[in-house]
Number of protein chains: 2
Amino acid sequence: MDDHKYDALKIENQLCFPLYACSREIIKRYKPFLDEIDLTYTQYIAMMVMWEQREVNVKELGKRLYLDSGTLTPLLKKLESKGLVSRKRSREDERNLIVSLTEEGEQLKERALAVPVRMAGCLNLTPKEAVTLYEILYKLLGENEISAKKE
Amino acid sequence: MDDHKYDALKIENQLCFPLYACSREIIKRYKPFLDEIDLTYTQYIAMMVMWEQREVNVKELGKRLYLDSGTLTPLLKKLESKGLVSRKRSREDERNLIVSLTEEGEQLKERALAVPVRMAGCLNLTPKEAVTLYEILYKLLGENEISAKKE
DNA sequence: AAAGCTAGAGTTGAGTACAATTAAATTTAT
DNA sequence: ATAAATTTAATTGTACTCAACTCTAGCTTT
């Protein structure tokens, strides 16, 4: 007779653990492709927002990436030192720091196109599974925003 | 007319991004519960393996958690300093470091039982969604092992 | 207008992650 | 048996990640 009292404490019965492990494993698969454009994964997703918006402040960027200034400030300084973005305070409200895409950052977009193309072959999910996964993940992220608002 | 050339570089079209964000957001939700037993999330999943096996070497632990010695060595030293595990070299093969659950570590298991109980109410997925998510994530993790073996 | 409050970014410190390297023990090949 | 190759942890260095705190700017309230 097995004792099931502690089953809830088994790794294999966790949902968070495969999420955590999967996230890291997939980011590792990005690495060889990202190395070619000299970006880390976090820098890459920050640049994705920049390529879409050209200009954004730290708060808004943090909201889109679920990251705070503790992570973003050094990351943006790093991207600035690479010449990909510029950082300056907003004229209207000096509290806001405006991050802008530079010409060099804009040019990197062309080379970055290869990344999703090459990653596409790396995830062997059926289109249906990919959509299902996507929907569940955004459902989880969405409810998170609601519970965050409650505070 | 929209230009779709760069669509693959949009955050909203990524699968990895919600995975990465979701993983971190859910780990954040664990924090208040884990604080009560003074464990970080990584320490918690390491302890889960210990509670299941009582004894494990670093390599095997790393395989179960998808972590390497660079992460585990300091983590295990931390758990040792808390008195939850002991670390000693294997008699048969001195290369192996054997991590063992202490009496204190064993006792923590009782208090840890509250963590999954309290987390259960935090993820508002239907049972079906939870199972689907679980299966897709392990499929992704599984294929990763295959591609790792190829090297 | 001064005091208090709020918002946004930056800083600090602890704890991961992980690639690359090192060092010691063991195994394999000659 | 001994040199070479392999295995296992530990170490090093870079880069997050995040809670807690600080600082400054703008807003609010009287």
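Visitor: Why is the contact between B:Glu80 and B:Arg87 called a salt bridge?

Guide: In this predicted model, the side chains of B:Glu80 and B:Arg87 come to 3.5 Å, N to O. The cut-off for a side-chain nitrogen of Arg and a carboxyl oxygen of Glu is within 4 Å, so the pair counts as a salt bridge.

Visitor: What makes B:Glu80 and B:Arg87 partly exposed?

Guide: B:Glu80 has 31% relative accessibility, and B:Arg87 has 23%. Buried means under 20% and exposed over 50%, so values in between are called partly exposed.

Visitor: Why is B:Glu52 said to form a salt bridge with B:Arg64?

Guide: The closest N and O atoms of B:Glu52 and B:Arg64 are 3.7 Å apart. The limit is 4 Å, so this pair is a salt bridge. B:Glu52 lies in helix H2 of chain B and B:Arg64 in helix H3, so the pair ties together parts 12 residues apart in sequence.

Visitor: How do you know that A:Glu106 and A:Arg54 meet in a salt bridge?

Guide: Their side chains are 2.7 Å apart, N to O, and the rule asks for within 4 Å, so the name applies. A:Glu106 is in helix H5 of chain A, and A:Arg54 is in the loop between H2 and strand S1, 52 residues apart.

Visitor: What makes A:Arg54 partly exposed?

Guide: A:Arg54 has a relative accessible area of 45%. Exposed requires over 50% and buried under 20%, so A:Arg54 is placed in between.

Visitor: How many salt bridges are there between chain A and chain B?

Guide: The count between the two chains is 4. One of the salt bridges joins A:Glu110 and B:Lys5, at 3.1 Å, N to O. With the cut-off at 4 Å, that pair therefore qualifies.

Visitor: What makes up the side of chain A that touches chain B?

Guide: By class, that side has 38 nonpolar, 7 polar and 14 charged residues. The area buried between chain A and chain B is about 6200 Å², and carbon and sulfur atoms give 68% of it.

Visitor: Why is the approach of B:Thr40 to DNA strand C called a polar contact?

Guide: An N or O atom in the side chain of B:Thr40 is 2.7 Å from a phosphate oxygen of DNA strand C.

Technical notes: Residues numbered from 1 in each chain as written. Chains lettered and ligands numbered in written order. Predicted model: local features only at pLDDT ≥ 70, side-chain atom pairs only at ≥ 80, totals over all residues. Heavy atoms only, no water. Buried area = accessible area lost by both parts, 1.4 Å probe. Nonpolar A, V, L, I, M, F, W, Y, C, P; charged D, E, K, R; others polar. Polar contact = N/O pair within 3.5 Å; in protein donor to acceptor, adjacent residues only side chain to side chain. Helix = DSSP H or I, 4+ residues; strand = E, 2+ residues; numbered from the N terminus. Buried < 20%, exposed > 50% of the residue type's maximum accessible area, 1.4 Å probe, protein only.
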